[in-house]
Amino acid sequence: MTISITATPTVLVEEESTQVVITLSSDEPIPEGGLVLTVNSETVNALGQFDVLATQSENVQILGVTDNTNGFRVRLNAQTGTITLPVFDDSDADSPLDLTLSVEPGEGYTVDESAGSVTLTIEDAEGEATDGATDEMPGSGLPLVSLNTGPNYLVEEDGTVSAHVFNVTEETIPEGGLLVVVKAPSLSSFRLDAIEVSDGGEIVNVREDGFDILLRDFTTLINLPVAADGEAEGLETASFSLEVGDGYEVNDDFSSGSFDIVDTADEIPADALNQRNDTLPEAIPIELSEGNPTFFTASTDFNIGNRYLNEDGTYTYIDATEDVDFYSFELEEGDVVAIDGDVWQRGEPPTNLAGFANDLSQGPFLAQRIFDSEGNELVTTWASQGPGELFASRDGYLEFVAEEDGTYYLGLSNF
């Protein structure tokens, strides 16, 4: 039995939501119960290019999504079956994009050497692929400045140090530096006498509602302690934001940050405590047992305030590539644990399901890894689906059977 794959059309236009019909064919009748196939791509998250929630199929049952959401596993129930997928308009200027889908070799069939794969070309707008290349979007020619802040809560009694990271991208920094304007209406709530600016930056002007910083490096860090005024004001909020100035553009997506200021740590909500659990020794213990078989936790996006205070008063920062949530639990030999990660907290379904499903702001591609007590990685999964989560392509699901009694660790992170 030989399997082939074709597609019509092969040029898909995002702004028109072009539908591609993928046809799977066999040269012999399909056995009773169907034939399980895998259609895959070398492109990570290839399915993210399509409105998978609008998928239609005939004589094909979609069983699941492959690792990295490169493709899907299907059951072909007739000699010919089709899958119809609309291309998704992601509003990014990234065309043309070539995407090759191939039938993987499997049990009970061979793949047609001349028709075992199909290449699709995805355009942002009609006609872009005919030239073989697209014109790059013209930039402003100016450096792009971003601002990230953290942690979320500052405690006056503890003198919590706020972190502010300025990044310059896209263009070079002019000789002499780049003067950036920062608006901070609550600047008086901080100890300006204790401000620390990393090499490559300099505060050159301070106002009641902000300051100017001269950036000579592409990344500049400011440490600024909150001030303890001795008064019980309750919860306050302080914000910092980039202002438009001469010689640079402001990154609209990362242009500001805010802090909630409290008098004592007791005023921080329990579910808002930013626990440092990026290493195995700092893992948060979970009590699991037959009488307590379920544990639930929620995590937030990476925060630049994720750092460890060293004995010499300096900080070790955990950057976005190191941001991991570790949890520990005790298992006996033969115990089974299932970890079900839900990246999207949907609530009531929005009107535009396709736009919601492909909105990258909804969360990361969840990676789940289990380690033993010595830190050896035992199993890993990412972008996998739990029961009833066929197209939850950024969720994660993992089942693990303990081979011996001991302490095990679960690490959750972005893929």
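Reader: Hi! Not counting residues up to four places away in sequence, what does Thr-169 touch?

Author: Hello! In this predicted model, Thr-169 touches Pro-143 and Leu-144 once residues up to four places away in sequence are set aside.

Reader: Thanks. Which strand does Thr-169 lie in?

Author: Thr-169 belongs to strand β14, which covers residues 161-169.

Reader: And why does Thr-169 count as partly exposed?

Author: Its relative accessibility is 36%, and partly exposed covers the range between the 20% limit for buried and the 50% limit for exposed.

Reader: How many of the residues of β14 are buried?

Author: Seven of its nine residues are buried, so β14 is mostly covered.

Reader: Nice. Which strands does β14 pair with, then?

Author: β14 runs antiparallel to β12, with seven bridges joining them. Seven bridges also join β14 to strand β19 (residues 219-225), again antiparallel. For a couple of landmarks, Asn-148 has Val-165 in β14 as its bridge partner, and His-164 has Ile-222 in β19.

Reader: What order do the strands take in that open sheet?

Author: The order is β16-β19-β14-β12-β21, five strands with mixed pairing.

Reader: Which strands stand at the edges?

Author: Those are β16 and β21 (249-250); each has a single partner strand, so one side of each is left without a neighbour in the sheet.

Reader: Is the pairing of β12 and β21 parallel or antiparallel?

Author: Parallel, over two bridges, with β12 spanning residues 144-150. Val-145 has Val-250 in β21 as its bridge partner.

Reader: Switching topic to β15. Where do its side chains point?

Author: They alternate along the strand.

Reader: Good to know. Which strands does β15 pair with?

Author: Six bridges join β15 to strand β18 (residues 210-215), and the two run antiparallel. There, Leu-178 stands opposite Leu-215. β15 also pairs with β20 in the antiparallel sense, over three bridges, and Lys-183 stands opposite Ser-241 in β20.

Reader: Which cluster do ring pairs make with Phe-190 and Phe-240?

Author: Ring pairs link Phe-190, Phe-240 and Phe-259 into a cluster.

Reader: Last one: what is Thr-381 in contact with, leaving aside its neighbours within four places in sequence?

Author: Its contacts are Leu-366, Ala-367, Gln-368, Tyr-397 and Leu-398. The C-alpha atoms of Thr-381 and Ala-367 are separated by 5.9 Å, though the residues are 14 apart along the chain.

Reader: And why does Thr-381 count as buried?

Author: Because its relative accessibility is 12%, and buried means under 20%. Thr-381 lies in strand β29 (residues 377-382).

Conventions
Residues are numbered from 1 along each chain as its sequence is written. This is a predicted model: local features need pLDDT of at least 70, side-chain atom pairs count only at pLDDT 80 or more; totals for chains, interfaces and linings use all residues. Side-chain values use heavy atoms; hydrogens and water are left out. Helices (H or I, at least four residues) and strands (E, at least two) are DSSP runs, numbered from the N terminus. Buried means under 20% relative accessible area, exposed over 50%, partly exposed in between (1.4 Å probe, protein chains only). Contact means heavy atoms within 4.5 Å. Rings of Phe, Tyr and Trp (its six-membered ring) pair if their centres lie within 6.5 Å; planes under 30 degrees apart count as stacked, over 60 as edge-to-face and the rest as tilted. Two strands pair if DSSP finds at least two bridges between them.
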